[in-house]
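Subject: Structure for you to look at

Hello,

Please find the structure below. My notes on what was found in it follow.

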Amino acid sequence: MMEQSPLCPERVRKITGSFAFIEHRFVRDGFWASLGQHELLLSVFFVLGGDRNGLSSYSYDTICTLWPFSLDDYIVARNALIHQDLIAFDGHLFQVLSLPPTPVREQPRPLQSPPQMAQADPATIRRRIRDSLGADDD
């Protein structure tokens with residue numbers, strides 16, 4: 001690895017209190033890309049809020065107050081992180097787990113209904129946006 005000099009040497013970070021870290025593998029091995037926006041926010045929150053063993057006991061009330069989550073968003077994100085084997089949860093206590101060997105990849109399901117198309121099909125979404133703006137197709 002090439003040695004690099006800090007851009008602002010007077011502002012180099014120092015560990016003066018508690019410390020949180022995310023393994024570089026989280027980005028490099030595709031865990032970051034495998035998560036949705038709420039899952040990423042919740043994952044980072046648990047990393048930052050956990051102790052040295054990755055444990056935190058923040059309630060869903062606190063999490064939903066601190067983050068722009070509805071209760072449903074929180075539950076979906078929490079369950080996805082459990083399914084991805086990134087956190088453990090016993091009903092009260094969370095633990096950020098060491099990363100599994102590879103991200104859990106969901107196989108994309110075919111879009112079958114107009115609501116699914118409107119929600120996830122890029123061509124349908126583009127058409128709807130252009131229609132709402134009164135724009136002509138290229």
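Burial is given here as relative accessible area: buried means under 20%, exposed means over 50%, and partly exposed is in between, using a 1.4 Å probe and protein chains only. This is a predicted model, in which local features need pLDDT of at least 70 and side-chain atom pairs count only at pLDDT 80 or more, while totals for chains, interfaces and linings use all residues. Residues are numbered from 1 along each chain as its sequence is written, and side-chain values use heavy atoms, with hydrogens and water left out.

Aspartate 29

Aspartate 29 counts as partly exposed because its relative accessibility is 29%. Aspartate 29 sits in the loop between helix H1 (25-28) and helix H2 (31-34). Helices (H or I, at least four residues) and strands (E, at least two) are DSSP runs, numbered from the N terminus. Leaving aside neighbours within four places in sequence, aspartate 29 is in contact with Pro103 and Arg105, where contact means heavy atoms within 4.5 Å.

Salt bridges

A salt bridge is a side-chain nitrogen of Lys or Arg within 4 Å of a carboxyl oxygen of Asp or Glu. How many salt bridges does this rule give? The count comes to four.

Aspartate 29 takes part in one of them, with arginine 28, at 3.6 Å from N to O. Arginine 28 counts as exposed, because its relative accessibility is 55%. Another salt bridge joins the side chains of glutamate 23 and arginine 25, at 3.7 Å from N to O. Glutamate 23 is partly exposed at 34% relative accessibility, whereas arginine 25 is buried at 18%.

Arginine 127 also forms a salt bridge, with aspartate 131, and the closest N and O atoms are 3.4 Å apart. Both residues lie in helix H7 (residues 122-133), four residues apart, which is about one turn of the helix. Arginine 127 is partly exposed at 44% relative accessibility, and aspartate 131 is partly exposed at 48%. Salt bridges that share partners join Glu23, Arg25, Arg28 and Asp29 into one network.

Helix H7 itself has twelve residues, and the distance from its first C-alpha to its last is 16 Å, close to the 16 Å expected at 1.5 Å a residue. The expected span of a helix is 1.5 Å times one less than its number of residues. After H7 comes glycine 134, whose phi is positive, near 75°.

The nonpolar core

In soluble globular proteins, nonpolar side chains tend to be buried together. A nonpolar core is a set of buried Ala, Val, Leu, Ile, Met, Phe, Trp, Tyr and Cys residues joined through side-chain atoms within 4.5 Å. The largest one here has 17 residues, and those with the most contacts inside it are Phe26, Leu42, Phe46, Ile63, Tyr74, Leu81 and Leu86. Helix H3 (37-49), helix H4 (60-66) and helix H5 (71-83) are the elements that give two or more residues to this core. H3 gives the most, with four residues.

Phenylalanine 46 is in contact with Ser56, Ile63, Leu81, Ile87, Phe94 and Val96, leaving aside neighbours within four places in sequence.

Helix H3

H3 has 13 residues and reaches 18 Å from its first C-alpha to its last, close to the 18 Å expected at 1.5 Å a residue. Its buried residues are Glu39, Leu40, Leu42, Ser43, Phe45, Phe46 and Val47. Is glutamate 39 buried or exposed? Glutamate 39 counts as buried, because its relative accessibility is 16%. Not counting residues up to four places away in sequence, glutamate 39 touches Ser34, Ala77, Ala80 and Leu81.

Aspartate 85

Aspartate 85 is in the loop between H5 and strand S2 (87-89). Its phi is positive, about 65°, although aspartate 85 is not a glycine. With a relative accessible area of 38%, aspartate 85 is partly exposed.

Regards
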